[in-house]
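This briefing covers selected local features of one protein chain.

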Amino acid sequence: MIRRLVSSVAIACVVTIAATVPAPALAMQAAQAPQPAAGALELLFDQGKRLFDEFKYDQAAPLFDRLITAMAAGDPQQNAALLVQTYEMRARARFAMGNASGAEQDFAALLALRPDFRMAAGVSPRVVAVFDNVRALTVGQARISLTPGGEIDIDGRKYQVVPEGTTLDLTAGPHQVSVARPGYAPVTQALTITAGQSVDLPITLQRVSAFIEVNTTEPGVEVFLDGQSKGVTAARPSGGGTLTLADLPLGPHRVRLRRDCYVELDRSFVVADDVKTEPLALERATAAVTIETTASGATIFVDGVSTGAAPGTVNVCQGSHVIEVRATDGRFVDRREWRTGDQVTLTATTRRAFPIVTLVGGAQQPVLDQLRNDLERIFAPATEMLIYSPASAELNAALQGENVPPDWLTGAISRAPTALPRDVIRALGRRLAARLGVQGFVAVIAGDERFVATVGVLAAGSGEPEVFTISTADQASQTRALDRLSGPLPAILRPSLGIGLVDVANVKGAVVVRSTAGAADAGPVTGDVIVGAAGKPVTSVADLRAVMADLDQAGSVTLDVAAADGQTRQVSATAAMVPDLLPLRDASLLYNRVVLSLGGRISTALSPVEKASAQLNLAIALIRLGNWDDALAALGQVTLDDGPGVSKGTVSYLRGLALEGAGRNAEARAAFTDAAGAANARLGSDGPLIAPLARQKLAATR
């Protein structure tokens with residue numbers, strides 16, 4: 001009895017020492033002892049065990065001493081399994097050498113590392129009895145139940161515990177139990193173990209949050225939780241995508257899935273526990289658009305991205321999109337909201353493209369954006385010009401690529417002193433138009449009044465924008481602007497009888513003052529009075545011209561002619577198409593538009609006279625815009641004979657104007673001199689005679 005008591009006291013002392021003293025003591029010993037090379041611990045243990053198995057306990061024990069010193073000096077948990085085995089082997093060696101106290105110390109240290117350790121079968125019963133005695137004095141049990149089951153932490157060591165309860169061997173004394181799990185309130189609890197006894201510890205975790213694992217049949221789906229974007233589902237090796245929404249408060253939540261070209265999907269959840277959805281599939285959301293066009297070499301663009309040649313069919317995602325057909329001579333733009341399942345055919349008639357490249361003013365940006373949309377809507381009916389808002393990315397890239405400032409047209413529109421010179425505007429416009437694939441530009445300055453704007457129109461290659469004011473709240477103002485953009489241009493060809501006509505006081509009709517008909521010809525001759533044409537009465541030259549204007553081509557026309565002797569007869573005269581001129585200055589015309597219109601007409605002219613007239617009038621528009629060199633190039637393509645009306649003298653006079661504007665004064669005088677000799681040439685069918693105008697120019701330059 002006394003021996004057992006003494007033994008118990010000794011073991012208790014050993015346990016106390018093992019808990020408080022060994023670490024620094026062993027560390028000091030380890031620092032003084034030679035350290036085994038890395039990877040040599042197992043080899044040293046095997047050597048000691050072999051000596052033990054050969055009953056060479058006195059040789060084995062020092063090897064185990066070295067091992068324990070080396071391992072205890074570092075992190076005991078790093079080599080815990082080997083350290084436990086070493087303590088066991090040294091305890092058995094010490095017991096065999098009669099050192100029962102040393103064996104008890106080793107068993108106590110072993111159990112401190114692994115309280116649930118049991119001696120293997122085949123170990124001497126006497127050794128087992130010593131071990132069991134130490135265990136009874138140092139180890140107790142705790143039956144811990146955890147709801148829901150999972151991992152707990154006891155003094156930094158992890159254990160798996162089930163709701164029904166798990167019995168754990170623990171060293172006697174105080175312990176700290178903690179549980180930290182996502183979605184649950186953390187638990188920390190003190191636990192005291194009494195050697196040889198068992199204590200119950202039930203733990204129930206309180207759920208405070210949960211997660212929703214969103215699974216989709218395809219990766220890349222954007223996930224919204226309660227209206228907030230949380231990211232996109234990431235691809236899984238097994239296919240599909242997944243995204244975990246963690247730390248969600250318990251209660252109702254709404255998950256919305258979004259992906260381009262798919263119908264959005266909504267799911268509602270009442271979260272009381274973790275949720276893993278089944279793979280969610282989104283339905284495709286597209287519309288089919290068939291584009292028909294007669295434009296050659298045209299390309300279809302959707303939101304600024306080429307999708308192939310036109311005509312063709314494209315599928316667009318549900319939502320707002322801009323569909324364009326781009327050709328060399330213009331564009332077609334359709335901007336609308338598309339719905340799933342729409343099947344629409346667009347007839348794409350291209351018009352010359354004029355993007356709104358600048359819109360400035362003192363208003364807030366939303367007001368300017370609304371003005372841009374209103375102008376695009378108002379100008380939509382224009383038949384020749386397409387005024388539209390280009391994609392910002394496309395416009396910015398073109399401006400940066402040509403190093404063009406965004407407000408490059410603003411000064412010219414406002415007539416500011418800082419406006420860029422004509423030549424600079426012309427060069428910038430040509431380069432920018434080529435980069436954007438357009439035919440001109442529109443710039444807008446918002447007025448002080450909310451609905452009033454100043455609009456500038458510039459054809460590519462022109463050096464001077466033309467400016468007008470429009471009120472988006474005034475229908476009459478809109479109609480006037482639209483007429484300037486798409487109203488019919490004055491005729492540049494007219495049917496002519498080839499005779500000279502004047503009005504004479506007290507004479508009803510158009511008096512013939514010049515005729516090429518001879519005495520034997522049936523046509524009107526000088527002195528005749530034309531009193532009717534094509535069955536309509538004629539009381540003046542204006543009446544006859546009105547009748548002739550109704551003719552759209554050359555051909556015969558019946559005239560009622562009164563001779564000098566008062567006799568009336570009907571004659572058949574031949575009308576020929578001859579050139580006519582646009583006015584050099586007309587506030588109702590947009591000469592930038594004229595440049596584009598006539599440029600296209602030159603290429604489609606059906607006769608030499610129509611082509612010559614188009615070139616001649618193109619030169620007039622270019623002179624009006626100050627494009628002197630281009631005007632001279634156009635005039636160089638025109639060949640007309642001497643004669644009355646629009647003729648060779650007209651061409652000479654216009655050449656003089658262009659040369660004068662270009663600063664080539666000597667050449668201009670030569671051209672005006674030629675024009676001054678053209679007695680019957682006119683500046684248009686009803687215009688003034690060329691010769692006096694040319695003489696005025698010559699007099700001004702002397």
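Pro 311 sits in the loop that connects β18 with β19 (312-317). The model is predicted. The peptide bond leading from Ala 310 into Pro 311 is cis, and its omega is near 0°.

**Cis peptides and positive phi**

- Most peptide bonds are trans, and most residues other than glycine have a negative phi.
- Besides the bond from Ala 310 to Pro 311, a cis peptide bond links Thr 147 to Pro 148, with omega about -10°.
- Pro 148 belongs to the loop between β1 (139-147) and β2 (150-154).
- Asp 226 is not a glycine, yet its phi is positive, at about 50°.
- The loop between β9 (222-225) and β10 (228-232) holds Asp 226, which is partly exposed at a relative accessible area of 44%.
- Asp 247 also has a positive phi, near 55°, and is a residue other than glycine.
- Asp 247 is placed in strand β12 (residues 241-249).
- With a relative accessibility of 57%, Asp 247 counts as exposed, because the cut-off for exposed is over 50%.

**The four-stranded sheet**

- Four strands make up an open sheet in the order β18-β17-β20-β21, and their pairing is antiparallel.
- The edge positions are taken by β18 (305-309) and β21 (330-338); each has a single partner strand, so one side of each lacks a neighbour in the sheet.
- From one strand to the next, the twist averages 25°.
- Strand β17 (residues 299-302) runs antiparallel to β18 and is joined to β18 by four bridges.
- Within this pairing, Val 302 stands opposite Val 305 of β18.
- Gly 319 is part of strand β20 (residues 319-327).
- Gly 319 is buried, with 12% relative accessible area, because buried means under 20%.
- Leaving out residues up to four places away in sequence, Gly 319 touches Arg 336, Glu 337 and Trp 338.
- Between Gly 319 and Leu 44 there are 75 Å in space, C-alpha to C-alpha, and 275 residues in sequence.

**Other buried positions**

- Which helix holds Val 547? Val 547 is found in helix α13 (residues 541-549).
- The relative accessible area of Val 547 is 8%, which makes this residue buried.
- The C-alpha atoms of Val 547 and Ala 533 are 6.9 Å apart, with a sequence separation of 14 residues.
- Ser 496 lies in strand β28 (residues 493-496) and is buried at 15% relative accessible area.
- Beyond residues up to four places away in sequence, Ser 496 touches Thr 574, Ala 575, Ala 576 and Val 578.

**Nonpolar surface patch**

- Which residues form a nonpolar patch on the surface? The patch consists of Val 502, Val 504, Val 507 and Val 513, and together they have about 250 Å² of accessible area.
- Val 504 is located in the loop between β29 (500-502) and β30 (510-514).
- Val 504 is partly exposed, with a relative accessible area of 39%, and therefore passes the cut-off of over 30% for patch residues.

Note on methods. Residues numbered from 1 in each chain as written. Predicted model: local features only at pLDDT ≥ 70, side-chain atom pairs only at ≥ 80, totals over all residues. Heavy atoms only, no water. Patch = residues over 30% accessible without salt bridge, like charges linked within 9 Å, V, L, I, M, F, W, Y side chains within 5 Å. Areas by Shrake-Rupley, 256 points an atom, 1.4 Å probe, with all protein chains shown as cover. Salt bridge = Lys/Arg side-chain N within 4 Å of Asp/Glu carboxyl O. Helix = DSSP H or I, 4+ residues; strand = E, 2+ residues; numbered from the N terminus. Buried < 20%, exposed > 50% of the residue type's maximum accessible area, 1.4 Å probe, protein only. Pairing = 2+ DSSP bridges. Axes fitted to C-alpha atoms, helices over the stretch in contact; angles between N-to-C directions. Contact = heavy atoms within 4.5 Å.
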